[in-house]
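Here is a short report on one protein model. Keep the structure open beside the text as you read.

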Amino acid sequence: MKVLSVTSEVYPFIKTGGLADVTGSLPKALKRFGIDSITLVPGYPVFFPMAAASAPLYEFDDILGERASIRLLQAHDLTLFILDIPALYNRPGTPYLDENGNDYPDNWKRFAALSLAAALIAAGELPGWTPDLVHTHDWQSALTSVYMRDMGCDRPVVLTIHNIAFQGQFAANLLPYLRLPPSAYDVGCMEYYRDISFLKGGLMTSDIVTTVSPTYAREILTPRFGMGMEGVLRVRRDSLKGILNGIDDDVWNPDTDEFLPQTYTVDNLDLKRHNRRKLVKRFELDDDGGPIFSVISRLTWQKGMDMLASATDFIAFAGAKLIICGKGDPGIERMLLDAAAKHPGRIAVSIGYSEELAHLIHGGSDAIIQPSRFEPCGLTQLYGLRYGSIPVVSRTGGLAETVIDANDAAMNAQVATGFQFHPVTTEGLCNALRRAMDAYANPKQWHQLQVQAMKARFSWERSAGQYAALFRGLLKQAATSYDVEMQQAG
Ligand code: ADP
């Protein structure tokens, strides 16, 4: 089976969050199920000169008024189609924001162009390669199925929601510039409170909608988590499915991790202390008895980072330490930097994005805090589990179903892997941190937790199998309806 995966980011080339981790690792996992994926991604500067080394595979005369070409890139076990439209993608900054942190004003065009190119490929425009199925991700590629249906292309499309908070909502008067007919501005397609929503268009026109955990699939049907899309999702309820994300064992494995000063396994966990020492030195932490809690996250309200800032006095005075590696809301960054200034040796903050530091922190910390208000799946807690850095998490979305709370029953049954809290408040967070500190003070108990955490397996095998079964089911269904149509035609 041939799958076209369409995405705005893909690890290890370009990443702002979990979406890139998933689009960078799922194709590799699907290969084991006989599925060959090619990933279509915008031609950001990072892809050149890599991609420029090969001649364009195909040229489009007019993608929303721009000349465009597709270049093939094979690297890191992935096959990519790079969509080269310099006027749209050859810019500094992140995939979505300029150097000052503002949304690019033409993001609607940048990601509509990505979706239109994907639809044309799905419809067979690229000589020699046409996918059997298209997999889109979040609002940035959600228009693909809208364009496909408009072109009369009925190949199956699966849309995965990685975070429903981002919906690609724009003014309705942009519709003609998208080259879509007025009928797309309909309550059954892109119309959304008198605006247009790329995500809604995708939700209404794809065959199946998945999201990245079964709990989040249920949560987004409610007003609290649906962010305005709950009504649309209820309409699509029978086609909505939760499939938990996996982690890439080649990238996140403490036994082989090249970023770690000291690799280790569950059988020689004591070696982790070398990484811990490195962290203590690097962040000039007090080298005393308390645990090192860490955070690797976007510093936003969604991630509960304002609550974390309110918990810093508690952490410092309780004798623990906290390392924060992240970037995000300037107000939250300020609060955390102030906390670090107030508690030198106890609280340390590194504002920025660093893959190397993220690995080192997982390798050296005692615990990873993730107090999200909502969390579609969450990958940081999965990395924490894999590295024996015990997750302390709010009970929501994917966090709820990947971390087993260390209550007495779960400890006795030897299945506990972390600490959960609910309600999601600063007080709830501090209670969970207190429980984690108490457990840390009992080395035997802590070791047991670490072993159980490291043995919990969240690699892609199981989840990729679920995607593969879903894809095959859709292809079978498409083939059956084709047969029926042929019979009816005579
Ligand atoms: P989200 O996609 O909502 O940001 P996830 O937990 O699904 O959250 O994925 C976050 C990914 O981004 C993880 O791979 C995490 O390690 C990474 N990440 C987040 N912040 C940073 C940072 N400051 N430096 C390095 N990696 C980070």
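## Aromatic pairs

Is Tyr-96 buried or exposed? Its relative accessibility is 15%. Buried means under 20%, so Tyr-96 counts as buried. Keep in mind that this is a predicted model.

A search of the whole structure turns up 17 aromatic pairs. Take the pair made by Tyr-96 and Phe-111. The two ring centres are 5.9 Å apart, and the planes meet at 50 degrees. Planes under 30 degrees apart count as stacked and those over 60 as edge-to-face, with the rest called tilted. The pair of Tyr-96 and Phe-111 is therefore tilted. This pair links distant parts of the chain. Tyr-96 sits in the loop between α2 (86-89) and α3 (107-122), while Phe-111 belongs to helix α3. Phe-111 has a relative accessibility of 0%, so Phe-111 counts as buried.

Trp-460 and Tyr-467 make another tilted pair. Here the distance from centre to centre is 6.4 Å, with 50 degrees between the planes. Both Trp-460 and Tyr-467 are buried.

Arg-91 lies over the face of Tyr-104. The distance to the ring centre is 4.8 Å.

## Around the ligand

Now turn to the ligand. There are 19 residues around it, and those that come nearest are Lys-15, Gly-18, Asp-21, Arg-298 and Gly-352. By class, this shell has six nonpolar, nine polar and four charged residues.

Look at some contacts. A polar side-chain atom of Arg-298 is 2.8 Å from a ligand oxygen atom. In the side chain of Lys-303, an N or O atom lies 2.9 Å from an oxygen atom of the ligand. Cys-325 uses its backbone: an N or O atom there is 3.5 Å from a nitrogen atom of the ligand. How much of the ligand does the protein bury? Taken alone, the ligand exposes 570 Å², and the protein buries 93% of that.

Which elements give two or more residues to the shell? They are α1 (18-31), β13 (292-299), β14 (321-328) and α14 (380-386). β13 gives the most, with three residues.

Lys-15 is one of the residues nearest the ligand. Find Lys-15 in the loop between β1 and α1. Its relative accessibility is 19%, so Lys-15 counts as buried.

One, of 2.8 Å, is with the side chain of Asp-21. Another, of 3.2 Å, joins Lys-15 to the side chain of Glu-355. Asp-21 is also listed among the residues nearest the ligand.

## A buried threonine

Thr-396 is in the loop between β17 (390-394) and α15 (397-402). Is Thr-396 buried or exposed? Thr-396 is buried, because its relative accessible area is 2%. Its side chain makes a polar contact of 3.2 Å with the side chain of Glu-219.

Most residues other than glycine have a negative phi, and most peptide bonds are trans. Some places in this model depart from that pattern.

Start with the peptide bonds. The bond from Tyr-11 to Pro-12 is cis, with omega near 10 degrees. Pro-12 lies in the loop between β1 (2-6) and α1. His-422 and Pro-423 are also joined by a cis peptide bond, with omega about 5 degrees. Pro-423 is in the loop between β18 (419-421) and α17 (426-440).

Next comes phi. His-76 is not glycine, yet its phi is positive, near 50 degrees. Look for His-76 in the loop between β4 (66-75) and β5 (78-84). Its relative accessibility is 53%, so His-76 counts as exposed. Glu-284 has a positive phi too, near 50 degrees. Glu-284 is in the loop between α9 (272-282) and β13. At 64% relative accessibility, Glu-284 counts as exposed.

Methods: Residues are numbered from 1 along each chain as its sequence is written. This is a predicted model: local features need pLDDT of at least 70, side-chain atom pairs count only at pLDDT 80 or more; totals for chains, interfaces and linings use all residues. Side-chain values use heavy atoms; hydrogens and water are left out. Rings of Phe, Tyr and Trp (its six-membered ring) pair if their centres lie within 6.5 Å; planes under 30 degrees apart count as stacked, over 60 as edge-to-face and the rest as tilted. Helices (H or I, at least four residues) and strands (E, at least two) are DSSP runs, numbered from the N terminus. Buried means under 20% relative accessible area, exposed over 50%, partly exposed in between (1.4 Å probe, protein chains only). A charge sits over a ring if NZ of Lys or CZ of Arg is within 6 Å of the ring centre and within 35 degrees of the ring normal. A residue is near a molecule or strand if one of its heavy atoms lies within 4 Å of it. A polar contact is a pair of N or O atoms within 3.5 Å; within protein, one must be able to donate a hydrogen and the other to accept it, and residues adjacent in sequence count only if both atoms are side-chain atoms. Accessible areas come from the Shrake-Rupley method with a 1.4 Å probe; for residues, only the protein chains shown count as cover. Ala, Val, Leu, Ile, Met, Phe, Trp, Tyr, Cys and Pro count as nonpolar, Asp, Glu, Lys and Arg as charged, and the others, Gly among them, as polar.
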